[in-house]
Structure formats: structure tokens, C-alpha cells
Amino acid sequence: MVAPPHSERARHDEERWPAPVATLFIVSTSLALWGGIFFVAQLFFG
């Protein structure tokens, strides 16, 4: 397997989110999903 040229690797690395932003996105998405689950469960079960 041939490694991509340096310019392609650099461009790919620039597309990645910084670690704190990615972590915040994952945590906030997880909290939103769990909040939605508990909200719907509360509606169903009183």
C-alpha cells in the first residue's frame, strides 16, 4: 500500500476537529440524547 503524498496528508489533518472541540461535541450530544430519553420516559411513565 502506498502512503498518500504529504500534501494530501496535511489537508486531511486540517479537516480534523481539535480535541477539546470534539470532546465537547461528543459530551453535549450524549447529554442531549440521554436528556431526551429521560424526558420521553417521564412522559410515558408519569
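## A tour of the chain

Buried means under 20% relative accessible area, exposed means over 50%, and partly exposed lies in between (1.4 Å probe, protein chains only). This is a predicted model, where local features need pLDDT of at least 70, side-chain atom pairs count only at pLDDT 80 or more, and totals for chains, interfaces and linings use all residues. Residues are numbered from 1 along each chain as its sequence is written, and side-chain values use heavy atoms, with hydrogens and water left out.

Switch to the cartoon view. The protein chain has 2 helices and 0 strands. Both terms refer to DSSP runs, numbered from the N terminus: helices are H or I with at least four residues, strands are E with at least two.

Now show the surface. The protein chain exposes about 4600 Å². Carbon and sulfur atoms supply 71% of that area. Accessible areas come from the Shrake-Rupley method with a 1.4 Å probe; for residues, only the protein chains shown count as cover.

Next, select W17 and F25. How are their planes set? They stand at 85°, with ring centres 5.2 Å apart, so the pair is edge-to-face. (Rings of Phe, Tyr and Trp, the last by its six-membered ring, pair if their centres lie within 6.5 Å; planes under 30 degrees apart are stacked, over 60 edge-to-face, the rest tilted.) W17 is exposed at 51% relative accessibility. F25 is partly exposed at 46%.

Last stop: F44, in helix α2 (residues 19-45). Buried or exposed? F44 counts as exposed, because its relative accessibility is 68%.
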